[in-house]
Amino acid sequence: MGKVIAIANQKGGVGKTTTAINLAASLAVLEKKVLIIDSDPQANTTSGLNFSPENDQKRTLYEVLIGQLNISDALIQTEMNNLHMIPSNINLVGAEIEMLQLDNHESIMKSALDTIKDDYDYVIIDCSPSLGLITVNALVASDSVIIPVQPEFFALEGLGKLLQTIRIVQNSLNPELTIEGFVVTMFDGRTKVHTQVVGELREHFKDMVFKTIIQRNIRLSEAPSHGKPIILYDVMSNGTTNYLNLAKEVLQRNSEYPLDDEGEDYE
C-alpha cells in the first residue's frame with residue numbers, strides 16, 4: 001500500500017518544491033515506485049521535471065479535482081523509470097471555487113488517489129504556499145507531512161499556523177495524519193543564525209527534525225531551469241548527496257532501509 005506524503009509549508013521560498021522533486025527522484029533511484037503530484041498553480045514541480053505547464057492543458061490535477069478526468073489519465077512518465085507525475089497549471093487557481101460546489105469537497109483528492117496509490121510505494125504531493133482548500137485536500141489525502149524549514153527566525157514564526165491547520169485536519173478530517181518530520185533547507189554553516197535556528201528547532205521538536213540537512217548549493221538551484229532533479233543534473237553535487245540521504249532517512253523511518261550501524265549523522 002502506497003504511502004502518501006505531503007510537502008507543506010504556507011511560507012514561500014523555503015525549498016518546498018525543491019524538496020518534493022528531489023526527494024521523489026531520490027526515492028525512485030532507491031528503487032521505489034514514486035508518483036509526484038503538483039498541487040500548486042505556479043506549476044514549478046511540473047516545469048522542474050521538464051514538462052511545460054502550457055502543454056496538454058486538459059490532463060492536469062485541475063481536471064481531476066473538478067471531476068472532468070480520471071486520475072489515471074493524468075499520469076505522465078518522467079525521465080526516470082520509477083517516477084510518474086501529475087502536472088499542474090495556472091487553471092488550478094480556480095479549482096477551489098469549483099470544488100466548493102461538490103460533495104465532500106475536502107476529500108476529493110483522497111477519493112481520486114485511493115484508486116491508484118497502491119500502484120506506488122510513495123506518493124509525494126507538492127503543496128502550494130497557502131492553507132486553502134487544495135492544501136487541505138492534500139493533507140486529507142496524506143498519511144504524513146514533511147515540513148521544509150529555512151533556518152531563519154521568520155520562518156519559525158510561520159510554523160504555528162501550519163501546525164494549527166494540521167491539527168484541525170487531524171481532529172476533523174484525517175485522524176491518521178502524522179508529521180513525518182521537519183527538514184532544514186538552504187542551510188549555510190558559515191551563518192551563525194542558521195546554526196542557532198537549527199539548534200532551536202532540534203531542541204523544540206527533537207527527533208521530529210530529520211538528521212539530514214539540505215545545504216545551500218548552486219547546482220541544486222540551477223537544476224530546475226534544466227528540467228531535471230539534481231541527481232540527473234549533477235550526480236556528484238552536495239545537493240544529490242543531501243537528498244539521497246534524506247530519502248534514506250525517510251525509508252528508515254518507515255522501516256524500509258537498513259539502519260546505519262555506525263550511526264552516521266546525515267548532516
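## Helices, cores and ring contacts in a predicted model

Helix α8 (residues 159-172) has 14 residues and spans 20 Å from its first C-alpha to its last, close to the 20 Å expected at 1.5 Å a residue; the expected span is 1.5 Å times one less than the number of residues. Helices (H or I, at least four residues) and strands (E, at least two) are DSSP runs, numbered from the N terminus. This is a predicted model, in which local features need pLDDT of at least 70 and side-chain atom pairs count only at pLDDT 80 or more, while totals for chains, interfaces and linings use all residues. Residues are numbered from 1 along each chain as its sequence is written, and side-chain values use heavy atoms, with hydrogens and water left out.

- L159, L162, L163, T165, I166 and V169 of α8 are buried, where buried means under 20% relative accessible area, exposed over 50% and partly exposed in between (1.4 Å probe, protein chains only).
- Viewed down the axis of α8, these buried residues fall within an arc of 155°, so they line one face of the helix; the arc is that of the directions from the helix axis to the C-beta atoms.
- As background, an α-helix has 3.6 residues a turn, so residues three or four places apart point the same way.
- On the face of α8 turned away from the buried side you will find the exposed residues N171 and S172.
- The cover over the buried residues of α8 includes α6, β6 (144-149), α7 (153-157), β7 and α9.

**Nonpolar cores and F182**

- The largest nonpolar core has 52 residues, and L113, I125, I147, F182 and L201 touch the most other members; such a core is a set of buried Ala, Val, Leu, Ile, Met, Phe, Trp, Tyr and Cys residues joined through side-chain atoms within 4.5 Å.
- Helix α6 (residues 133-141) supplies the largest share of this core, with seven residues.
- Another core, of 34 residues, lies apart from it, and its members include I7, A25, L49 and I146.
- F182 is buried, at a relative accessible area of 0%.
- Not counting residues up to four places away in sequence, F182 touches I147, V149, L159, L163, L201, F205, M208, V209 and F210, a contact being heavy atoms within 4.5 Å.

- The ring centres of F182 and F205 are 4.2 Å apart and their planes meet at 35°, so the pair is tilted.
- This pair links distant parts of the chain, 23 residues apart: F182 belongs to strand β7 (residues 178-187) and F205 to helix α9 (residues 192-205).
- F205 is buried, with a relative accessible area of 15%.
- The charged end of K33 sits over the ring of Y120, 5.5 Å from its centre; the criterion is NZ of Lys or CZ of Arg within 6 Å of the ring centre and within 35 degrees of the ring normal.
- R253 lies over the face of F210, 4.0 Å from the ring centre.

**Helix α1 and K16**

- Helix α1 also has 14 residues, and its first and last C-alpha atoms are 20 Å apart, close to the 20 Å expected at 1.5 Å a residue.
- Most of α1 is covered, with twelve of its 14 residues buried; among them are T17, T19, A20, I21 and N22.
- K16 is found in α1 (residues 16-29) and counts as buried at 6% relative accessibility.
- Leaving out residues up to four places away in sequence, K16 touches I7, A8, N9, D40, D126, C127, S128, P129 and P148.

**Positive phi values**

- Most residues other than glycine have a negative phi, which gives the next points their interest.
- N50, although not a glycine, has a positive phi of about 70°; N50 lies in the loop between α2 (44-48) and α3 (61-65) and is exposed, with a relative accessible area of 52%.
- M186 has a positive phi near 55°; M186 lies in strand β7 and counts as partly exposed at 23% relative accessibility.

How values were computed:
Rings of Phe, Tyr and Trp (its six-membered ring) pair if their centres lie within 6.5 Å; planes under 30 degrees apart count as stacked, over 60 as edge-to-face and the rest as tilted.
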